[in-house]
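Dear colleague,

Here is the structure I said I would pass on. My notes on it follow below.

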Amino acid sequence: MAVSAIGPGFLTQTTQFTVTLGASLAFAILVSVLIDIGAQLNTWRIIGVSRRRGHEIADAVIPGLGKLVTAVIVFGSFAFNIGNISGCALGMKALFDLNQSVGAAGSAAIAILLFARPKMLRSVDWVSKLLGAAMILMTGYIVLLARPPVGQVIRQAVYPDQVDVTSIITLVGGTIGGYIMFSGAHRLLDGGIHGVENLGRISRASVQGILITGLMRVVVFLAVFGVVQSGAQISREAPVFDAFRAGAGSVGHVLSGLVFWSAAITSVVGCSYTSMTFVPILRDQTRRSRGTIVFILLTAGTTIALNYLGWKPTPLLILAGTVNGILMPVVFGVILLASRRRDIVGDYAHPWWAMAMGFVAWLTTILMAYHTIANIL
């Protein structure tokens, strides 16, 4: 879940918000992490206790809604994966000066190899953990060189000079929006970790996923903030690469390529795997693995075709983000309703404190949907 959230968009958004908001972004990060925990904790507990996937719970609460959720998740994942594979290509270009199409094809091949292996889920888990740790460590190195004013950051985390609601909503959507909130919960189901007897493990995992994502967000923020405070200029075209280069010179440029590629390839893997868990006909692991490989091939082929034709995937990404943003309060609202349905959760009693956290998170998803629609109008 954590490495699925930490993608090219995650890095770019964090960098751009740091440039525009400065130390005040610390408050937005703190609030967004608390909201993310409320949403994910509720979702994973209900999925784990019911032993049903997100679309199956939606169908149980409102017949037919599961098919709509599946369609939106798969379409959104397809669009987001184009962005992820494009991010892989940008990382490869920074590292090896490869043509974008070659970088995209090579990265897709690496992702496919993971799903072609026997016991592919173990391979995916191992690679995700390794690259996730590497991203945090490499970005942490830039923080040490950039030397951001940590005291100022801590103060503004609790008493900010400005509160930017848009940044909070965007950070929440970037962490738990679309398929991401379901990725870890569905992986736990596949790993046999479900039921009331595993509720403690499920709850801890849901919080740990958000905290790892939050840690990476903080590290990127501190690295960029330190660079900006030194007077370096960050462009809107390649903000992450500019920040790393300004912080550590040519070494920073190489590290930016490694971090960007690692973030993109793990998001390709997480996005592809999770979207296929929503497809009912892909119930066993072998079918799902084949479906995931086909999904990666299709998105990689589309990415290369768009690049060859000179078309930008931006409109597709905007449409996917819009549809996901509008549907999110419906899907999460259904999860909260399911927590009170005995035919779904059995004798499990969902605690009031979890429900309270979930309600606050649900109100945030409504704000996200309103913000999405307002931007269109």
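Which residue just after α5 takes a positive phi? That residue is Asp97, with a phi of about 55 degrees.

This is a predicted model, in which local features need pLDDT of at least 70 and side-chain atom pairs count only at pLDDT 80 or more, while totals for chains, interfaces and linings use all residues. Residues are numbered from 1 along each chain as its sequence is written, and side-chain values use heavy atoms, with hydrogens and water left out.

Helix α5 covers residues 65-96; helices here are DSSP runs of H or I with at least four residues, numbered from the N terminus. Its 32 residues reach 46 Å from first C-alpha to last, close to the 46 Å expected at 1.5 Å a residue (the expected span is 1.5 Å times one less than the number of residues).

Val69 lies in α5. With a relative accessibility of 1%, Val69 counts as buried (buried is under 20% relative accessible area, exposed over 50%, partly exposed in between, with a 1.4 Å probe and protein chains only). Apart from neighbours within four places in sequence, Val69 is in contact with His55, Ala58, Phe278, Leu327 and Val331, contact meaning heavy atoms within 4.5 Å. Between the C-alpha atoms of Val69 and Ala39, 30 residues apart along the chain, the separation is 17 Å.

Next, the aromatic rings. Rings of Phe, Tyr and Trp (its six-membered ring) pair if their centres lie within 6.5 Å; planes under 30 degrees apart are stacked, over 60 edge-to-face and the rest tilted. The count by this rule is five aromatic pairs. One of them joins Phe182 and Phe278: the ring centres are 5.5 Å apart and the planes stand at 90 degrees, so the pair is edge-to-face. This pair links distant parts of the chain, 96 residues apart, with Phe182 in helix α10 (residues 180-190) and Phe278 in the loop between α12 (239-277) and α13 (285-309). Both Phe182 and Phe278 are buried.

The rings of Phe359 and Trp362 have centres 5.8 Å apart and planes at 40 degrees, so that pair is tilted. Phe359 and Trp362 both sit in helix α16 (residues 352-376), three residues apart, about one turn of the helix. Phe359 is partly exposed at 43% relative accessible area, and Trp362 is partly exposed at 26%.

Finally, Leu34, in helix α3 (residues 25-50), is exposed at 53% relative accessibility.

Regards

Key:
Helices (H or I, at least four residues) and strands (E, at least two) are DSSP runs, numbered from the N terminus.
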